Amino acid sequence: MSGEGDAPLIVTAQLPRDLHARFTAMRTAHFPPERNYLEAHVTLFHALPAMCEGEACILLKRLAAEFAPVAAQVEGMMSLGGGTAIRLSSHGMLEVRAMIADHFRGLLTQQDQHAPRLHVTVQNKVTAKEAKALQAVLAGEIEPGPFAFRGLQLFRYRGGPWEQIRDFTFRGRHAP
């Protein structure tokens, strides 16, 4: 055990720097400020057990060494009901996620047992009317296009802000 108590671990897919900056600016502009503790992120796992930190680091390091940056696509806007997100797609990232899920089989929360809809949340916990209004505004600003995830990140959940543990940059030779 890492000595960090029961703080669950979060695994994210790392956006390229330009998209990260752009989507973080959107999030800053539109996310309710009293609840906006985070920069733009793409969550793959919400709550791996804290006791798995060392094991997660070893696995994520191995995957990063094996795979090249993972091809992905910005698809457009996505409704979260009471929020707004940018919808992404990436068969390769879902494959990487499946490898991680298989490794931690039996330890995943119910939420993490299912493959996620890849997205970046730019607004959450607002009324459906507010969300639809923002989606209409942003629809013209979000252009579909390709990009590559540059790595994986591991965080410790701290109630609001996340504590970054480590980045794992893809540097391998082949796609997942």
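Buried means under 20% relative accessible area, exposed means over 50%, and partly exposed lies in between, with a 1.4 Å probe and protein chains only. Glu163 counts as partly exposed, because its relative accessibility is 30%.

This is a predicted model, in which local features need pLDDT of at least 70 and side-chain atom pairs count only at pLDDT 80 or more, while totals for chains, interfaces and linings use all residues. Residues are numbered from 1 along each chain as its sequence is written, and side-chain values use heavy atoms, with hydrogens and water left out.

## Core and helices

Helices (H or I, at least four residues) and strands (E, at least two) are DSSP runs, numbered from the N terminus. A nonpolar core is a set of buried Ala, Val, Leu, Ile, Met, Phe, Trp, Tyr and Cys residues joined through side-chain atoms within 4.5 Å. The largest such core has 44 residues. Those with the most contacts inside it are Leu15, Phe23, Leu88, Met93, Ile100, Phe149 and Leu152. Helix H2 (residues 53-66) gives the largest share of this core, six residues.

The table sets out two helices. The expected span is 1.5 Å times one less than the number of residues.

| Helix | Residues in helix | First to last C-alpha | Expected span |
|---|---|---|---|
| H2 | 14 residues | 20 Å | 20 Å |
| H3 (residues 91-103) | 13 residues | 19 Å | 18 Å |

In H2, the buried residues are Glu53, Ala56, Cys57, Leu59, Leu60, Leu63 and Ala64. They pack against E1, H3, E7 and strand E8 (162-169). In H3, Gly92, Met93, Val96, Arg97, Ile100 and Ala101 are buried. The cover over the buried residues of H3 includes strand E1 (9-14), strand E2 (42-48), H2, strand E3 (70-79), strand E6 (145-149) and strand E7 (151-157).

Contact means heavy atoms within 4.5 Å. Leaving aside neighbours within four places in sequence, Ile100 is in contact with Phe45, Leu59, Leu60, Leu63 and Leu152.

## Rings and charges

Rings of Phe, Tyr and Trp (its six-membered ring) pair if their centres lie within 6.5 Å; planes under 30 degrees apart count as stacked, over 60 as edge-to-face and the rest as tilted. The structure holds two aromatic pairs. Phe147 and Phe149 form an edge-to-face pair, with 5.0 Å centre to centre and 75 degrees between the planes. Both Phe147 and Phe149 are buried.

A charge sits over a ring if NZ of Lys or CZ of Arg is within 6 Å of the ring centre and within 35 degrees of the ring normal. The charged end of Arg97 sits over the ring of Phe45, 4.1 Å from the ring centre. Arg27 lies over the face of Phe31, at 4.2 Å from the ring centre.

## Cysteines

A disulfide is a pair of cysteine sulfur atoms within 2.5 Å. The whole structure has zero disulfides. For Cys52, the nearest cysteine sulfur is that of Cys57, 11 Å away. Cys52 is buried, because its relative accessibility is 2%. Cys57 is buried too, with a relative accessible area of 15%.

## Single residues

Glu163 lies in strand E8. Leaving aside neighbours within four places in sequence, Glu163 is in contact with Leu154, Phe155, Arg156 and Arg158. Glu163 and Asp102 are 61 residues apart in sequence and 25 Å apart in space, C-alpha to C-alpha.

Ala131 is found in helix H4. At 0% relative accessibility, this alanine counts as buried. Leaving aside neighbours within four places in sequence, Ala131 is in contact with Gly81, Gly82, Gly83, Thr84, Gln123 and Val126. Arg87 is 44 residues from Ala131 along the chain, and their C-alpha atoms are separated by 15 Å.

Lys125 lies in the loop between strand E5 (119-123) and helix H4 (128-139). Its relative accessibility is 59%, so Lys125 counts as exposed. Phi of Lys125 is near 60 degrees, a positive value in a residue other than glycine.

Ala21 lies in helix H1 (residues 17-30). Ala21 counts as partly exposed, because its relative accessibility is 46%. Ala21 and Glu39 are 18 residues apart along the chain, and 8.5 Å separates their C-alpha atoms.
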